[in-house]
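I opened the model today to look up a few local features. My notes follow in the order I checked them.

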Amino acid sequence: KGKCPEDGWDESTIELFLHELAIMDSNNFLGNCGVGEREGRVVSGLVARRHYRLIHGIGRSGDISAVQPKAAGSSLLNKLTNSVVLDVIKLTGVRTVASCFVVPMATGMSLTLCFLTLRHKRPKAKYIIWPRIDQKSCFKSMITAGFEPVVIENVLEGDELRTDLEAVEAKIKALGAENILCVHSTTSCFAPRVPDRLEELAVICANYDIPHIVNNAYGVQSSKCMHLIQQGARVGRIDAFVQSLDKNFMVPVGGAIIAGFNESFVQEISKMYPGRASASPSLDVLITLLSLGSSGYKKLLKERKEMFSYLSSELKKLADNHNERLLDTPHNPISLAMSLKNLDETNDAAVTQLGSMLFTRQVSGARVVPCGSVQTVNNYTFKGFMSHANDYPCAYLNAASAVGIKKQDVDVFLKRLDKCLKTFRKEAKQEKSINEISDSNAATEQLED
């Protein structure tokens, strides 16, 4: 049926299935006589077994989704993977998605492929409207495609950084709609930035007849992000949305899913990919989804949501204990931020030092964001880089509840963070005592004089 099975398969069944696919490829035929330059020859048995002898990759030179006659098994694997992934995207919230395909590139390069496809439709366009998000790969995806990003600064609403819709529309009018390739929006992001106002942006794009590409990097795991995409497509215009395989399905880095609501446009993107492609990302995600089944994946998404609530409540308690606060970012369903105001006031280097302390204590993924850092990316200077704003009011620490996170991860993180913050408070007290003694000694010396 081309759908994700309700219940996951056991490993031996999956392996049997993959071996059956592999013997359909010509390089595995007993009497095969190959006289071309690409015959699926692999010298290492270890490499062959690692890929289940599916050596030909996917697609043909003119289309990554095309069937390769001498690789029937690999072609079937590709078709099945795209079909199963489409089913999963529907069950996670984007019910009207028309088509998708797995591409063996991470999110940034996959976005670049979308922009290059749009170039043929809008030859005069040179600008991409981009509500700011401080993540290098999505910024570089526009530069690599040969376009000029027009950065729209976010608006501070309470603690949250939100899309400045008025600035987006004003910039469209100033540049001229025909000169704009697309609006490049974002769903999943680090707090205190929250997902873009996708519905409103989609309406603006529809009104001005401008394409809309969504960076949905790790949004598949969030029902809120997927709902925003569904609603945006319902009320306005979304041409394609791109998501990472590793972040959403817990497979090795190297693949993404490009999906859209117009099947012909998604096919155009797949035809833009030059040459054949590695089957590894497709193989990894198919194995994963067959082993989980739709019920297993839904269970993981439910657990992630529960862990987000747990992380939020426990991080708030820890913040209160250290005279800090959990920033109020209700529109961000994955990432949280805790202020580091006291730490920042104690010592300029203390915030970045906390990040180093956490990393050496084997806490990965937590980001500390100091105030006022400046970074230049492809000749564009970002003030307050990593905070998604030129001048965010305070330094802070990020933590996220992503798919696969366990209660033990949260508990160990909070314990180690608490210990690090106590170390800083102890050092600050000692420094204060030393300063007080020095001041007292100086006052005594003055009286004696």
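Is N379 buried or exposed? I looked it up: N379 counts as exposed, because its relative accessibility is 79%. My cut-offs are under 20% relative accessible area for buried, over 50% for exposed and partly exposed in between, with a 1.4 Å probe and protein chains only.

Ground rules next. This is a predicted model, so I take local features at pLDDT of at least 70 and side-chain atom pairs at pLDDT 80 or more, while totals for chains, interfaces and linings use all residues. I number residues from 1 along each chain as its sequence is written, and side-chain values use heavy atoms, without hydrogens and water.

Backbone entries. N379 has a positive phi of about 70° and is not a glycine. I find N379 in the loop between β12 (374-377) and β13 (380-383). I take helices (H or I, at least four residues) and strands (E, at least two) as DSSP runs, numbered from the N terminus. M250, also not a glycine, has a positive phi of about 55°. M250 sits in the loop between α9 and β9 (256-260). M250 is partly exposed, because its relative accessible area is 43%.

Then I checked omega. The peptide bond from A191 to P192 is cis, with omega near 10°. P192 lies in the loop between β6 (180-186) and α7 (198-208). I flag such cases because most residues other than glycine have a negative phi, and most peptide bonds are trans.

I read a volume of about 1000 Å³ for the largest pocket. A pocket is an open set of points on a 1 Å grid over the protein atoms alone, where a 1.4 Å probe fits, with protein on both sides within 12 Å along at least five of seven lines; lining residues have an atom within 4 Å of a point. The volume is the space filled by probe spheres set on the points.

Which residues lie nearest the centre of the largest pocket? They are F190, S364, G365, A400 and A402, out of 44 lining residues. Helix α14 gives the largest share of the lining, six residues. Among the elements that each supply at least two are α4 (107-121), β14 (396-400) and α14 (407-448). By class, I note 23 nonpolar, 16 polar and five charged residues in the lining. Here Gly counts as polar, and Asp, Glu, Lys and Arg as charged.

Last entry. L76 lies in helix α3 (residues 72-91). L76 counts as partly exposed, because its relative accessibility is 34%.
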